[in-house]
Amino acid sequence: MNTTSGPRDAVPTPGRPADGGEGYGGNRQRGSRARRMARTIGWNWADFAYSIKHAFIFALQLTAIVTVFTGFGWLFLPATTRMTRQAANAARQRARDRFGMRIEEPYLPEPRFQDGFMGRIEECRWILTDRSTWRDLVWMLLDPFIGGILGSFAGSLLLESAYGLVLLVFWPVLTKHGMNDWYGFVHVSTPPGVLEWRWALVPMAGIFFGLGVVLPDRLVLAHAKWSRALLSPSEKSRLALRVARLTETRTDAVDAQAAELRRIERDLHDGAQARLVAMGMNLGAAEALLDQNPEAVRALLVEARESSARALTELRELVRGIHPPVLSDRGLGDAVRAVALDSPLAVEVRVELPGRLEPAVESAAYFAICELLTNTAKHAHAHSAWIDIRHAQGRLAVTCTDDGLGGARTGAGSGLAGIERRIGAFDGIMAVTSPQGGPTVVSLEIPCVLSSEKTSTS
Amino acid sequence: MRVVLGEDLYLLREGLARLLEAHGFEIVAAVGDGPTLLEALLEHRPDVAVVDVRMPPTFTDEGLRAVLAARQEVPGLPVLVLSQYVEQLYARELLADGAGAVGYLLKDRVFDASQFAESVRQVARGGTAMDPEVISKLLARGGGKELLGRLTPREFEVLGLMAQGRSNTAIAQQLVVTERAVAKHTSNIFGKLGLPPSDDDNRRVLAVLAYLDQS
């Protein structure tokens, strides 16, 4: 399994290579020249085929939109919109697979609609007021012309060139069987004695060949770039997405904080507080028994002392869960080293942090790493783990690798999803690679600044 | 025995002073922050220092750093570090110079006054007193690798008690065996860890170091 997850609106940060312009070609470096050619031409024709599909979807979507108020469009507009978005997403994915070109999705998360007719109307209104619906529609309309024509033109150049040579040799046979004897603007079946124009086929086929070698590559990239222009979010929907994302993470953060406070309250109530009450009662009883039964008093005092020790232990555990002291003392690096020492795994920790992180980020990163280690110890059947912590280009980057069995899941409800939520409040992103059989690599990235203060490593 | 006390909370400082005086120690200085502590340690050169990890001005690991700095000046200066929580990381830093005479205990251990006084004396004599919490975390890791893997479970247990600063007599009592049996275990441990015959206290420190350094 190989999943990458993260906020869809991750903002490109300065210092990271931005997606754009030239320089795509990660996928094109492999394979021989001929194989790459063949693949590119395959892409040309695939784009052609997709563009036909897009023409159909465009027709459906347009019908749905036009009839939404006058007919039954409202019945199937959601379905056709889903089709449109799937097709657009597939095109985004192709750009990514072919060129590593990242086209972000512009779609806002779907709100909850009521059941029944009114809900349907709400949904249609939501679809029609979304700018991306209209941008998708324009893209669907134009893609058959741009993707289809460009694709088929580029894809057929080599065939055309080969055909020229075939025609040059076999034109008498071919024309006899009723085939056209024109090649471009050249008439091949010139009568004898006239200047034999058909030899012009050689340079023409050559030119077609040359274009056929050079063009498909460029056209398929041009097509991807054109798609990106329409398929990536406009500035407005980018902002809308950002707002939606911030609302979501803020809700998560507030919820998590409230749950944390409830847990602390419960722990104090059932733990230290209860012990102190018991201690007070024991001391009261001891006071009452002081004159009559010194032996019983001794037992009560011992019990009171044990209660206080237990209360302390519980408070210590609680404090460690809120904000571990070693984290405030020494910062992320040493706090993670301390956790690594307590882990049942052999954990190697490498830290390159020339200063301290913002306290909130430090704490979030610390608990995320703790949870990663716990997960690894519990589920991965690993012996060793390696944690790498560094700060570069305005981001804290944490990589946690283990030698376990792999197959880690990132779905809802998993520990990893919890980690993603935790760092999501800071615009952090997580990527998990965990093929069956291992190894599992989890990377976290959180944008943040380092304070200049040097960490003390005495 | 002359003691320097470093603790910023007034109640605890007074309580500790009273407790130690009741057990026959003499408090030569009782201070409440890191820089003053370092000065006091270097000036008085006490037989043992009892120090809280967290102190002003930064309220982080001020006490620990003062103690480590003092031990650079005065190698082997006996220190017993008290804390609300224990970390193996700090235990290692204290033991790293290999000079022994180090204690690292939870503040809760003060409740058992006579055991606590015994730990202070143990440290003053050049031994170690590691908190059972540190030890139990090590045991929870499943008994370590290579070197310590050669120890039998019983020997491992004895080593753990040794790290807490218990004498052979105390270990024998705890495990309900004869003192001779414990002596045999300890010499086996020294042998398996490759510690050459020397005076017993020093070997105990080295064994504990190996114990803490197993990962």
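User: Which way do strands E1(B) and E2(B) run, and how many bridges join them?

Analyst: This is a predicted model, where local features need pLDDT of at least 70, side-chain atom pairs count only at pLDDT 80 or more, and totals for chains, interfaces and linings use all residues. Residues are numbered from 1 along each chain as its sequence is written, with chains lettered from A and ligands numbered from 1 in written order. As for your strands, E1(B) and E2 (residues 26-31) of chain B run parallel, joined by 5 bridges. Strands here are DSSP runs of E, at least two residues, and helices are runs of H or I, at least four, numbered from the N terminus; strands pair if DSSP finds at least two bridges between them.

User: Why is E1(B) largely enclosed?

Analyst: Because 4 of its 5 residues (2-6) are buried, meaning 20 or more other C-beta atoms within 10 Å of their own; exposed is 12 or fewer, partly exposed is in between, and C-beta atoms are placed from the backbone.

User: Switching topic: which residues touch the most other members of the largest nonpolar core?

Analyst: B:Ala49, B:Val50, B:Leu80, B:Val81 and B:Tyr104, in a core of 54 residues. Such a core is a set of buried Ala, Val, Leu, Ile, Met, Phe, Trp, Tyr and Cys residues joined through C-beta atoms within 7 Å. Apart from it lies another core of 36 residues, including A:Leu357 and A:Ile369.

User: How many residues of chain B are in contact with chain A?

Analyst: 15, against 19 residues of chain A; contact means C-beta atoms, placed from the backbone, within 7 Å. Helices H3 (62-73) and H4 (88-95) of chain B are the elements giving two or more residues to that side of chain B.

User: Where is confidence lowest in chain A?

Analyst: In strand E1 (residues 2-5) of chain A, with a mean of 42. That's pLDDT, the predictor's confidence in each residue, from 0 to 100. Over residues 1-23 of chain A it stays under 50.

Note on methods. Contact = placed C-beta atoms within 7 Å.
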